[in-house]
Amino acid sequence: MTAKFASAGSMALLAALLFLLKFHASSQGSAMTAPPTPTNLPLPDGVVHSDAFGHAMAFDGDVLVVGAPYTKVGANSSQGQAYIYTRNAGSAVDFTFVKAITGSATSTNSYFGWSVAVYSDTIVVGAHNALEALGAVHIFQRNQGGDNNWGEVKRIGRPDNRKFTDFGRTVALHGDTLVVAAPLGYGEVQLFQRHQGGDNNWGAIQTLTAGYTVTPTGAVANFGDTLAFDGVTLAIGATRDSVAQDDLPPGAPAVTGNYPGSVYVFRQEQGQWVREAKLVSSDIDQAASWYGLAYGTSLALNGDLLLVGERSGKVNGVQVGKVHLYQRGVGTPPPVGKPGAWGQLATLTPTDGVAGDLFGQALYAVADGAFVGSKKQGIGRVYFFRNPPAVLAGAAQQTLSWRQVYSFTTGAGAATTFGIPLAGGGDAILMGESTANSGRGGILAYARSALFAYDPAVTPTPTPTPSPTVTPTPPPVEPASCLDAQRLFLPLVAGGASTTAATSAPHTGMAGTVVATLAPGCVVAGPGGVKIGAVAGAISETLTISLSITTAPTFTLPAGANVLGDYLHIAAARNRLTAIESPFVIAVPAPAGADVAHLVLLHTLAPELSLDRHTTDAQWSYLPGVYDAANNHFLARLPFMLSAGSTFVLAAHPDFASPANPSAPPTVQGAAGEQTAASSFTAHCVTDTFAEPSDCNTFHEHLVSQMATEIYLRMTETFGYPKILRLLDAGGQFIVNETASIYLQQANYALYILSREDAQCGGDLGFYRIATGFLALCMRPGDPIDQAEKETLIHEMFHAFQHSYPIVLQQWEDGDAQPWAVEGMAEAAVNSYPETIMKRSGYYGVTNLKDVDQALTAGRTNDGNIEEYLAQDFWVYVGARHGDGLEYLHGILATGGVNQREYSFAFGTIFHEPFHENYWGWVKHQAIENIYDVGVGTGETCMFSADALIATRPEEFLASRTYFPYDTGAAFDVLPPLTARVIEIKFGAKTHAIVTTGYRDCVGIQDEPAFAACKHAAQASLRVKIYEEGEPLCWNEVLPGVSEEGVRMLSNISEFKRYFVVVANVTTDEDEAYYLAVE
């Protein structure tokens, strides 16, 4: 083995050296120091944000195919489409859209376009849920049906007719060989040949597996989750594969329950594909019980070079992601796995990696370099690595030396998920932006030569300084009504002009009303000398606002507040929640004699904009700020405007300081827009809410501040959450957005401690106000601050992290935020926070929350009841299913926010499977299957869990009544979206029975094909599974008699066994109705 690596390595190294030196010599003097400008491919008409355009992409020669698996075709949701482009002659990056295609016999939830492949004049598109979940791949030829018509020539369904295996979820094509994976469960891969069985017949020739005959445990291998194929080498990723004892070095301790993933490499030998190697991450922690590394997340081949992505790989103990490089016959044989002739060259990691980056989510390999895609907080980033020729020239080692040359993003700063996916060929490299264009997606084309020439490390040749010229003195500039974005600072709001305001006639009974059009970066004036400004970024277009003097609300003011001046009602034409760093600014004149050192702006807030505050009444809240002596104004940032309006009043309050505002912008060290993780927290006692001032003192403030800082650092540095929170600032200083050049690098966030008996707390443990970022910890006088308070703080601070994502704020603006997602995530964070896995949290003394029948549906209303918190179990389950810890919620928030209708795209992007499959898996797991350890130990597998239901007992169906619901001639059981039902069938004396499901939408359809199509569509939305309690491997869909088609024949029925039907409406926005029958 050693001699083989040495001799082959010397030859390969010499070849690589010569090639790279040749390239290096030809590119001298052409290095650029700015990223090249890409070409945006035209987005086809009709593409909408929920289509997942760019979910998959493949390119060969002059043909590009792009998948959009959630596209609605006619009345069929998620039928899916693929879009074909051709590259224009003579250009590397200019493409023309040709046509959209969909597959024959695809229908609702087929997901056509989930996978795509192209070779020469042939395109293959996968639809893994087509043909009633059998799965299919569709083959198209360029000139089928006419020149450049791209007509379908063949549809291949799974040859053995097994359903629910995701046949077609990944595909690869080279020459006349097609590779199709069915990765669900343990997974398998099938190979087809173009002329096998006849001309263009595409017959099956071989089936490959990881060696399992059945899934060995509740965990699955997902063999075929990813593919890389070049006609010579076939690499197959199994991202949930286990590590067997013989995969480890001799003498290694025994391991059980480890599922880090692996990659199987096959080569052709005498017409058959034979396994050459099993590669496993070389740096797995063998002491861990669950790795969740997702080794094999992505694969790329270039000749004998293989790149393997590991999106959750650990760097210094943090799950940043990494990429492993292997080469056949070269490098060091890795110590783990069965590497065969494959040696490891290097492990690539990003220089700026943080937890949750998912570095390695996408790959593209070239002969002398590697492009790596990273989710990077939802924005996306591409990293370029290569072998420096200078290193190679003097290297005597076999292992090549790779370095990160650069990384870049589109520069927009928005959550476009730039760099996912990646593809290329010739002189074109294509980079997806799966959430760009308001979520519609996009593709950027770069010239390969330009990307190779770009090197930020190269110092450009200085440009000669031209001779000085005399510039005439410009005329004086009149004061503008809009602010200079580069000089934005609070005094400018107080002193700014207000010529954009248009004053209307006063309303009866009021001193005056101003209706004004507020433009970005501008200031308007209202009655009583009040002014409102819009920081750059607060709004992207004009916003009409009204400012009116009004009467005092009837509910009680906060304790200790002394009102100064008039009450002001402010409303806007539409809801607007700004980012905390680019808000509106309000300036209120301070009346004579006011205590200007203790000013605060009180405002009313609707209950739906307060989280964890269990009330239906409007409330007062606080906006701290600074006092600007030069203009005698109290200044505060105002990160919200509501169409329903809010009432404001200036007050003096001894517990709030209003420090003097600086007369000049603060000095910033470092790059604008770059905030460090050094942000601190200051807790403030609102002592007037306590019976005795000593009930909350500096000791409590210090302890809570320390807790908050610890939570912040773990969330940002370990789990990769954003460093800018939606929280008030402790010192009243103003943080503006990165375009303003005065962005403070270290924020000092404020938390407030109130008495739990105060009306603002109402007995609750704490609350968070979305509109302003006001976070309160409610403390009972005399109680210590201990673990209960820390858990509350984790929960409320997670809300502050959630609402730092622009998509989440937009969903609240639009009324689309789902409390089950908001509160479920935050509650799941409490016990998952100190762990590397997701773990359940207790709530109201309940430690085993598994209520599948109501949690998500009943949790749609932010009423503070338990249902929205119960949904934590869903998020814990998803983490267990995919082997992820708390960091995975970062990706969900960045791409899908807190709205279930966005989760199809988010889950497809992050996990490569739909949201509804995760929901259905959760229902089955919690009710019966119990195959994952979700933090408190697994339940008894394949046994009914009484705590799966809020009522603790299932619905009862007496088989003697034949139908459920009874009197089914007129009755159906109607399930709202994301609602489940567990039904126990009482068979009585029956020993044999057939249980079937009927669907309301299909009743009365006589035409057989139409009925079959209706039934298939209904089964995609309403999932049904029938269990015999205690049967082994009840989760395995390939076992005889076990299916999810709503029908099962039961024999040997025993009175000592229990039989259950689990039904779930997996749609996010439509009711579904059904009945059960027993024959």
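Gln270 lies in the loop between strand S16 (262–269) and strand S17 (272–279). The model is predicted. Phi of Gln270 is near 55°, a positive value in a residue other than glycine. Gln270 is exposed, with a relative accessible area of 83%.

Trp150 also has a positive phi, about 50°, and is not a glycine. Its place is the loop between strand S8 (136–141) and strand S9 (151–157). Is Trp150 buried or exposed? Trp150 is buried, at a relative accessible area of 1%. Most residues other than glycine have a negative phi, and most peptide bonds are trans.

**Confidence**

The average pLDDT of the chain is 80, and 79% of the residues score at least 70. Over residues 286–291 the pLDDT stays under 50, and the model has 26 contacts for them beyond four places in sequence. Residues 459–481 also have a pLDDT below 50; this stretch has seven contacts beyond near neighbours in sequence.

**Cis peptide bonds**

The bond from Ile420 to Pro421 is cis, with omega near 0°. Pro421 belongs to strand S29 (residues 418–425). Another cis peptide bond joins Phe964 and Pro965, with omega about -5°. Pro965 sits in the loop between strand S52 (963–964) and strand S53 (973–975).

**The five-stranded sheet**

Five strands form an open sheet in the order S34-S35-S39-S44-S43, with antiparallel pairing. Strand S34 (523–525) and strand S43 (626–628) are at the edges; each has a single partner strand, so one side of each is left without a neighbour in the sheet. From one strand to the next, the twist averages 25°. Strands S39 (residues 584–589) and S44 (residues 633–638) run antiparallel and are joined by six bridges. Ala587 stands opposite Leu635 in S44. Strands of a sheet pair through backbone hydrogen bonds, either parallel or antiparallel.

How much of strand S50 (residues 774–779) is buried? Six of its six residues are buried, so the strand is largely enclosed by the rest of the structure. Phe774, Ala776 and Cys778 point one way from S50. Leu775, Leu777 and Met779 point the other way, and all are buried.

| Partner strand | Bridges to S50 | Direction | Opposite residues |
|---|---|---|---|
| S48 (residues 748–755) | Four bridges | Parallel | Tyr752 and Ala776 |
| S49 (residues 766–769) | Four bridges | Antiparallel | Arg769 and Phe774 |

S49 and S50 form a hairpin, with four residues between them. Gly773, in the turn, has a positive phi of about 85°.

**A cysteine pair**

Cys685 has its place in strand S47 (residues 680–685). The residue is buried, with a relative accessible area of 6%. Cys685 and Cys696 are eleven residues apart in sequence, and their C-alpha atoms are 5.9 Å apart in space. Leaving aside neighbours within four places in sequence, Cys685 is in contact with Asp655, Cys696, Asn697, Glu701 and Ile753.

**Helix H10 and the cores**

Helix H10 (residues 819–832) has 14 residues. From its first C-alpha to its last, H10 reaches 19 Å, close to the 20 Å expected at 1.5 Å a residue. Why is H10 described as largely enclosed by the rest of the structure? Because 13 of its 14 residues are buried.

The largest nonpolar core has 149 residues. Trp875 and Tyr903 have the most contacts inside this core. Which residues does Tyr903 contact, leaving aside its neighbours within four places in sequence? Tyr903 is in contact with Trp820, Ala821, Met825, Trp875, Ile892, Gly896, Gly897, Val898, Gly908 and Phe915. Among them, Trp820, Ala821 and Met825 fall within H10 (residues 819–832).

A second, separate core has 24 residues, including Phe964, Ala1018, Ile1053 and Val1078. Phe964 is also the residue joined to Pro965 by a cis peptide bond. In soluble globular proteins, nonpolar side chains tend to be buried together.

Methods
Residues numbered from 1 in each chain as written. Heavy atoms only, no water. Pairing = 2+ DSSP bridges. Helix = DSSP H or I, 4+ residues; strand = E, 2+ residues; numbered from the N terminus. Axes fitted to C-alpha atoms, helices over the stretch in contact; angles between N-to-C directions. Expected span 1.5 Å × (residues − 1). Buried < 20%, exposed > 50% of the residue type's maximum accessible area, 1.4 Å probe, protein only. Core = buried A, V, L, I, M, F, W, Y, C linked by side-chain atoms within 4.5 Å. Contact = heavy atoms within 4.5 Å. pLDDT = per-residue confidence, 0-100.
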